[in-house]
Amino acid sequence: MGVSMAPWAVCSRPARALVAGSRAMRSKVISTRKGNPAGPGPLPLPAHSRCLPLPPYLPKSPVFWLLVACVLAQFYYWFYYFGPFARRPAEAPADAPGPHADDEPVSIVVCARNELENLRRLLPLLLKQDYPAGFEVVLIDDRSYDETQDYAQQLGQYYAGRFRLVTIKSTPDGFAPKKYALTLGIKAATHPRLLFTDADCIPATNQWLRLMQRGFGAPGAPAGLVLGFSGYAEGPGLLNRLIRYETLLTAAQYLSFAWRGRPYMGVGRNLGYTWATFAAAKGFASHIRRLSGDDDLLVQDAVAQGVRAAVVADAPAHTLSEPAATWGAWWTQKRRHLSAGSRYRLADRARIGTFVMANLLPYALTAGLVFSPQYWVPLAVVWALRTFALAYVYGILGRRLEQKLPSAWLPLLDGLYFAQYVAISFSLLFKRSLRWK
């Protein structure tokens, strides 16, 4: 006589109803053996065992548990890095009393090629920044063939002593054009503190310079790097929302990692460093032939030399850009940005790669489980928890960085973002040709 068990039962200690050592059980086993000498019959269960059934709805597939592990990894990034960064105390406003080291002069460096209309909008805003300690704007005209030179000469006459023009006629063979131009512009700057932005950006306020340069004198050891945030203007359509979501997610990573003491990149649209930092990193020498990386690879080299990075990310210190108008233009822009990732330090690649894979795999794993009805309820529970956490964390982060997105759109934008991330990554494997505009 055998004892049947549910397939999900796990035996540990004796269950009173199934104790093989009881009198009734022993008599049945003995009678069975006497009546059937050819077979000993089923062996009795050990007296110390007991069967505890697990819930039948608990999934047993390792694919499901890998999905759970990925979601838990996402929770780690969201609630250790992103959420605390979004809820950190506000930075001191520009008019706050107290010592803020606003007495150091600054050079603002802008590199442009055929950006006349953008420069007409940007340069007056830079030259009107509220910063009494003194500053200059260094415009690098990188081989422009529009009327940039004429406009720059007019500004030079009007803002004598505060505006400097560096003209690039040609780029040496094998050198990345923008890095070569930036190197000459940095050498021409007269102040040791340098702030960088792009021609297609504008500062969010006239306090941008004052607040960003305060990062150099942040509490603690002096900072040689200042990492800022650059958002995109809000507009209609799916592309605009996807661009702003990608910007928010990228900023969540590089700003919160730096805030936790693990800086790995910055964006050239809103970045600061000193002459000493540029010298410690040996300029762009380690990647002078790569078209991309004038911002993030410079940060990589500087951090490797022990340079400290500060984060200045409150709204008045932002810069604002116009997003790409077409899918093709955005695709080209993102390919250029992602191409520098292979040069990151191993620890940074592992940290970023873990986050990306933890976000990518759930979609693939769910696609493999969704056709099995027994997994519908567990999948619904996992995805509901993930969606709620995603909306909460990215919601407070979007409010803090003023990149607000409708909560209902976040799950869709998340899926689209990681789909295009995979597509761009594969495109870089087969076609790596890039160019500076």
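Reply: A salt bridge is a side-chain nitrogen of Lys or Arg within 4 Å of a carboxyl oxygen of Asp or Glu. The model described here is predicted. Side chains of opposite charge can pair when their charged atoms come close.

Asp314 and Arg88 make such a pair, with their closest N and O atoms 3.5 Å apart. The two residues belong to distant parts of the chain, 226 residues apart. Asp314 sits in the loop between strand E11 (309-311) and strand E12 (319-321), while Arg88 sits in the loop between helix H2 (62-86) and strand E3 (106-112). Buried means under 20% relative accessible area. Asp314 has a relative accessible area of 12%, so Asp314 is buried. Arg88 has 8%, so Arg88 counts as buried too. The pair also belongs to a network of salt bridges that links Arg88, Asp314 and Arg400.

Arg120 forms a salt bridge with Glu117, the closest N and O atoms being 3.8 Å apart. These residues lie 3 residues apart in helix H3 (residues 116-127), which means that about one helical turn separates Arg120 from Glu117. Arg120 is partly exposed at 38%, and Glu117 is exposed at 58%. In the other pair, Arg345 and Asp348 bring their closest N and O atoms to 2.7 Å. Arg345 is partly exposed, with a relative accessible area of 31%, whereas Asp348 is buried at 3%.

Now the nonpolar interior. In soluble globular proteins, nonpolar side chains tend to be buried together. Here the largest nonpolar core has 71 residues, and those with the most contacts inside it are Phe82, Leu225, Tyr245, Leu255, Tyr273 and Tyr394. Helix H7 (residues 238-259) supplies the largest share of this core, 12 residues. The core draws at least three residues from each of domain 1 (62-86 + 350-430) and domain 2 (100-327). Apart from this core lies another, of 29 residues, among them Leu119, Leu195, Trp208 and Val312.

Leaving out residues up to four places away in sequence, Phe82 touches several residues, including Leu249, Ala252, Phe257, Phe355, Val393, Tyr394 and Leu397. Tyr77, Gln253 and Ser256 are also among the residues that Phe82 touches.

Note on methods. Residues numbered from 1 in each chain as written. Predicted model: local features only at pLDDT ≥ 70, side-chain atom pairs only at ≥ 80, totals over all residues. Heavy atoms only, no water. Helix = DSSP H or I, 4+ residues; strand = E, 2+ residues; numbered from the N terminus. Buried < 20%, exposed > 50% of the residue type's maximum accessible area, 1.4 Å probe, protein only. Core = buried A, V, L, I, M, F, W, Y, C linked by side-chain atoms within 4.5 Å. Domains from an automatic or database assignment. Contact = heavy atoms within 4.5 Å.
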